[in-house]
Amino acid sequence: MMSSSVNRGKEQMKGVPETEKEDQRRVMNANPVTLHEFADALTALSDRITGVGSAEKAAFEEFLRSSFPAAAYDLPLPRKDAARLLHVFLYRVCGEADLDWGEAADLADVYDCRICANAIAQVCVRGILRPDRKGIFEGERFLSEAEAAEALSLLEERLRYIDAACDCRWECGRNPK
Amino acid sequence: MKALKPDKLSKDTCFDSFVETGTLHGKQKGHLPAMGWNSWNAFGSGNTEELTRAMADAICDLGLDKLGYRYVVLDDGCYKPERVDGKLANEEVKFPSGFKALADYLHGKGLLFGMYNDVGTNLCAGAAVGTCGHEEEDARSYTAWEVDFLKVDNCYYPFDNATFSNPENARYVYAPVIKSITVGSGKAIPAKEGKLTGKVGRRRKDGPVLGLGTFDGTGPKYSPLGNRSSELIFTVNSAKEQDTTLKVTYATGKREGVGEWLQMSVNGTMVQDGFLPETATEEKFVTSEPIKIQLRKGENEIRLMNHRRQENTLQSYAKLLKYLRKYAPDRDIIYSACEWGKTQPQNWGHRVCDSWRILNDITFRVGRDGDPGHGDWVSGYTNSVTSQYNKAVIMDRFAGLERGWNDPDMLMVGMGGLNHSQTKTHFAMWCMMNAPLMLGLDLRRVKKGDPLHRIIANEELISINQDPLGIQAKRLFCSACESRPDTTYVRKNDRVDILVKPMKDGIFAISFINLSDHPMEGRFEVSEALIRKAFGEKVRLTGLYRVRDVWNRKSEVLEGDCFGVSSLKPFENISWLVIPMA
């Protein structure tokens with residue numbers, strides 16, 4: 001599903017000045033996922049979650065439409081933006097409330113991205129997206145296909161567990177519908 | 001697309017002009033701190049037209065407009081993510097009626113309309129609609145939308161390593177490592193013979209100097225006071241007046257501390273302001289092409305520096321201002337710089353802006369519809385009441401009616417995470433420090449007379465913030481300081497501070513603040529002599545006063561030459577209006 005993204009990433013670098021190319025190469029890792037692919041995968045996941053209706057899906061789509069320029073959709077997705085998508089999915093689609101940051105507050109680079117800081121903390125504290133290495137999230141690095149698959153799997157597993165274990169939708173971190 | 005490059009400096013925007021008090025492009029001054037509501041802390045990028053109208057209605061229903069809260073500001077998340085025919089456009093699902101219709105609605109209620117943008121290429125939330133390179137058309141749009149307030153951020157800034165910018169943009173704002181200079185056919189003068197000023201530069205053990213630039217003040221680690229920029233200054237003697245050359249031996253880098261852009265001046269005349277050719281590494285020194293210079297007989301001052309971090313940012317803010325003034329010459333738009341203290345805006349902000357943020361954000365856990373978000377009292381970074389306060393409280397020298405205001409970010413009153421005492425003290429601190437009072441909560445949660453309303457509608461605290469003299473309080477006592485409480489940067493919060501603020505008619509305000517999480521017992525006081533020393537004739541000291549507690553609204557007569565309290569509960573502030581009687 002995500003295999004064409006490497007070539008597409010290279011295509012995107014045509015005509016980019018050398019210094020910017022170097023910067024992009026620095027953060028490009030093997031098999032990056034595009035925004036389009038990751039958003040599609042999340043939308044597909046929302047179809048499999050109990051109780052998710054059209055309003056929740058529309059809210060997620062609204063976030064996508066208003067947050068990213070069209071040109072960004074086919075570009076490799078930085079991990080910081082993956083965290084934003086996952087966080088919006090958690091609260092808009094799944095109705096989950098934010099948790100305290102816990103150890104995520106100790107990530108040395110958590111404040112590098114002001115608008116992603118909470119999203120990074122929320123996905124890290126839930127274990128959905130892991131820090132790149134001890135104490136560093138590395139938000140500028142592109143999300144790899146393997147990381148995307150793992151995050152989606154962990155998210156689905158988490159939602160299934162919550163659905164199976166709890167109806168209250170309060171103490172588990174999910175808001176009442 | 002045309003490559004972006006920093007503008008050529010004008011005399012008005014160069015570092016040496018910062019001390020001048022004049023403004024650029026006829027920027028109007030004399031504004032008191034702005035008061036209003038901003039969407040960010042309440043709703044983040046999820047704000048909508050419907051929510052904004054509801055907030056405007058609530059401001060009026062709660063009587064907040066009568067107290068001065070008049071600006072209703074749309075923060076990030078209100079535009080389409082791309083320009084339409086080169087222009088800014090409203091996000092149609094969230095703001096279906098468009099911005100002019102919203103402005104009309106607000107103006108119809110007697111409120112004022114504020115918007116948001118960025119000096120970079122994109123807004124912080126990602127939309128590719130920053131003003132960089134679009135200043136003129138954006139100023140036209142803001143004029144057409146009848147905007148009264150503009151908050152301008154600093155993400156994706158192409159001429160510095162700002163948030164979301166290429167980290168290698170540091171090459172614009174730091175000079176290369178300098179090994180030596182050579183004047184004419186003379187011997188190379190090693191860097192060690194130059195005088196290193198400021199607190200950023202440092203000498204390597206083997207002699208060369210790096211760090212010729214301006215310290216990044218986004219984080220809370222260092223004091224904003226003192227010289228935050230470094231220069232390397234050589235004094236060269238010449239036996240006669242002469243035309244000669246100057247060469248520099250240098251090595252470039254692209255990181256904080258080492259860049260590629262060098263400014264050089266000889267006896268005050270700029271002879272170089274641009275990139276030097278890149279070197280292979282920071283260790284591989286090369287010598288520049290000769291630059292023509294003139295020396296006078298006797299001592300000559302040669303300065304090597306890079307003030308572009310401040311100058312570029314000032315120029316970008318000034319450029320938007322220029323077009324706002326061109327298209328809306330009669331509109332007194334409040335201009336709020338949100339560059340997070342990165343470029344030490346306390347030095348230059350007064351030339352173009354009404355306020356300047358002093359740090360990164362006060363919270364990174366903003367709310368959304370149905371969730372109040374979260375604020376903290378303490379944190380190791382900028383995201384807490386005390387982080388912002390600790391820096392702003394020693395910055396009173398930069399504030400004033402003819403300059404503008406230090407902005408410790410928007411209020412977190414009403415957000416989760418702060419208890420009632422912390423919330424009261426947060427509000428009192430911002431009032432005493434003449435900070436803009438921008439509410440950041442969902443006002444539908446507030447009822448007239450409830451605890452939140454009693455804080456944000458405290459008329460006496462607001463009168464302190466809006467006092468026409470426009471003097472930021474000075475810290476005259478700090479239990480954690482051995483000396484100089486007004487200038488010592490203290491980040492340890494286990495302490496009591498006393499702030500004093502002169503007001504009109506010789507009245508003054510005093511706040512006793514316990515920042516700690518435990519009760520404080522003792523004698524915490526300031527004397528008339530200390531107040532006189534700090535403020536001279538700005539306060540009337542008579543030995544007999546009516547003292548009014550702004551929280552419990554009780555007054556009592558005080559006779560004596562000291563003002564003090566003996567106990568403060570955790571996080572408590574006791575704040576007084578002191579009215580001389582004799």
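This is a predicted model: local features need pLDDT of at least 70, side-chain atom pairs count only at pLDDT 80 or more; totals for chains, interfaces and linings use all residues.
Which residues of strand β1 of chain B are buried on one side, and which on the other?

View 1. Chains are lettered from A and ligands numbered from 1, in the order in which they are written. Strand β1 (residues 35-38) of chain B has Met35(B) and Trp37(B) on one side and Gly36(B) and Asn38(B) on the other, and all of them are buried, a residue being buried if 20 or more other C-beta atoms lie within 10 Å of its own, exposed if 12 or fewer, and partly exposed in between, with C-beta atoms placed from the backbone. Strands (E, at least two residues) and helices (H or I, at least four residues) are DSSP runs, numbered from the N terminus. β1(B) runs parallel to β20(B), to which three bridges join it, and Trp37(B) stands opposite Leu439(B) in that strand. Three bridges also join β1(B), again in parallel, to strand β2 (residues 71-73) of chain B, where Val72(B) is the bridge partner of Trp37(B).

**View 2. The open sheet of chain B.** Eight strands with parallel pairing follow the order β19-β18-β17-β4-β3-β2-β1-β20 in chain B; two strands pair if DSSP finds at least two bridges between them. Because β19 (405-407) and β20 (437-439) of chain B stand at the edges with a single partner strand each, one side of each is left without a neighbour in the sheet. From one strand to the next, the twist averages 25°. Strand β18 (residues 355-357) of chain B pairs with β19(B) in the parallel sense over three bridges, and Trp405(B) in β19(B) is the bridge partner of Ser355(B).

**View 3. Two helices of chain B side by side.** Helix α2 (residues 49-61) and helix α4 (residues 99-108) of chain B have axes that come within 10 Å and cross at roughly 10°, the axes being lines fitted to C-alpha atoms, for helices over the stretch in contact, with angles running from 0 to 180 degrees between N-to-C directions. α2(B) is therefore roughly parallel to α4(B); angles under 35 degrees count as roughly parallel, over 145 as roughly antiparallel, 65 to 115 as roughly perpendicular and the rest as oblique. Glu49(B), Thr52(B), Arg53(B) and Ala56(B) in α2(B) meet Leu102(B), Tyr105(B) and Leu106(B) in α4(B), where residues are in contact if their C-beta atoms, placed from the backbone, lie within 7 Å.

**View 4. Two crossing helices of chain A.** Helix α5 (residues 79-93) of chain A packs against α6(A) at an angle of about 75°, with the axes 8 Å apart, and the two helices are therefore roughly perpendicular to each other. Lys80(A), Ala83(A), Arg84(A), Leu86(A), His87(A) and Leu90(A) in α5(A) meet Ala119(A), Ile120(A), Gln122(A) and Val123(A) in α6(A).

**View 5. The contact of chain A with chain B.** Chain A gives 16 residues to the contact and chain B gives 22 residues. On the side of chain A that touches chain B, the elements that give two or more residues are α2 (18-27), α4 (54-67) and α6 (117-125) of chain A.

Conventions:
Residues are numbered from 1 along each chain as its sequence is written. Two residues are in contact if their C-beta atoms, placed from the backbone, lie within 7 Å.
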